[in-house]
Amino acid sequence: MKVKGIADEYEFIRDQLCENCGLKGTYKMQKQTLAESYVGMFDIVECACSECGDQKDFLFDVTGMF
Ligand SMILES: [Zn+2]
């Protein structure tokens with residue numbers, strides 16, 4: 001998804017359901033990596049569920065943010 005700022009990323013992650021335990025808003029940001037490719041800039045955010053420890057990566061299109 002396309003985002004305008006880091007606040008959008010936080011908001012998106014807060015709305016996610018954990019795929020493992022099914023709880024909402026339990027994913028917490030662990031690591032953020034900026035990746036540049038020929039199609040644009042991407043933010044890879046590694047998250048882990050604070051309840052069950054399930055790990056999930058979210059990819060955000062931040063092209064145009066810079
Ligand atoms: Zn979970």
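The following legends describe several close-up views of one predicted model.

**Conventions for all views.** Residue numbers start from 1 in each chain and follow the sequence as it is written. Because the model is predicted, local features need pLDDT of at least 70 and side-chain atom pairs count only at pLDDT 80 or more, whereas totals for chains, interfaces and linings use all residues.

**View 1. The chain and its elements.** Read from the N terminus, the elements follow the order α-β-β-β. Taken along the principal axes, the C-alpha atoms fill a box of roughly 35 × 15 × 15 Å. Of the 66 residues in the chain, 12% are buried. A residue is called buried if 20 or more other C-beta atoms lie within 10 Å of its own, exposed if 12 or fewer do, and partly exposed in between, with C-beta atoms placed from the backbone. Two residues are in contact if their C-beta atoms, placed from the backbone, lie within 7 Å. Among the contacts with a separation of 6 or more, 39% join residues 24 or more positions apart.

**View 2. The sheet of three strands.** The strands form an open sheet with the order S1-S2-S3 and antiparallel pairing. Two strands are said to pair if DSSP finds at least two bridges between them. S1 and S3 are the edge strands, each of which pairs on one side only. On average, neighbouring strands of this sheet are turned by 20 degrees against each other, direction ignored. Helix H1 (residues 6–14) packs on the sheet and touches S1, S2 and S3, and its direction makes about 40 degrees with that of S2. For such angles, axes are lines fitted to C-alpha atoms, for helices over the stretch in contact, and the values run from 0 to 180 degrees between N-to-C directions.

**View 3. The hairpin of S1 and S2.** Strand S1 (residues 27–37) pairs with strand S2 (residues 40–49) in the antiparallel sense over ten bridges. The two strands form a hairpin, with two residues between them. Ser37 has Gly40 in S2 as its bridge partner. Further pairs can be followed along the strands: Thr33 stands opposite Ile44, and Lys31 stands opposite Glu46. S1 lies largely in the open, because one of its eleven residues is buried.

**View 4. The hairpin of S2 and S3.** S2 and strand S3 (residues 55–61) run antiparallel and are joined by seven bridges. Five residues lie between the two strands of this hairpin, and Gly53 in the turn has a positive phi of about 85 degrees. The bridge partner of Cys47 in S3 is Lys56.

**View 5. The nonpolar core.** The largest nonpolar core has seven residues, namely Cys18, Tyr27, Val45, Cys47, Cys49, Phe60 and Val62. S2 supplies the largest share of this core, three residues. A nonpolar core is a set of buried Ala, Val, Leu, Ile, Met, Phe, Trp, Tyr and Cys residues joined through C-beta atoms within 7 Å. In soluble globular proteins, nonpolar side chains tend to be buried together. Cys47 is in contact with Ile13, Tyr27, Lys28, Met29, Gln30, Lys56 and Phe58, leaving aside its neighbours within four places in sequence.

**View 6. Glu46 in S2.** Glu46 belongs to strand S2. Glu46 counts as partly exposed because 14 C-beta neighbours lie inside 10 Å. Not counting residues up to four places away in sequence, Glu46 touches Gln30, Lys31, Gln55 and Asp57. Glu46 and Phe58 are twelve residues apart in sequence, and their C-alpha atoms are 6.4 Å apart in space.

**View 7. Asn20 in the loop between H1 and S1.** Asn20 is found in the loop that lies between H1 and S1. Asn20 is partly exposed, since 14 other C-beta atoms lie within 10 Å. Beyond residues up to four places away in sequence, Asn20 touches Cys49, Cys52 and Asp54. Asn20 and Gly5 are 15 residues apart along the chain, and 28 Å separates their C-alpha atoms.

**View 8. Ile6 in helix H1.** Ile6 is part of helix H1. With 15 other C-beta atoms within 10 Å, Ile6 is partly exposed. From Ile6 to Gly53 the distance is 23 Å, C-alpha to C-alpha, and the two are 47 residues apart in sequence.

Conventions
Helix = DSSP H or I, 4+ residues; strand = E, 2+ residues; numbered from the N terminus.
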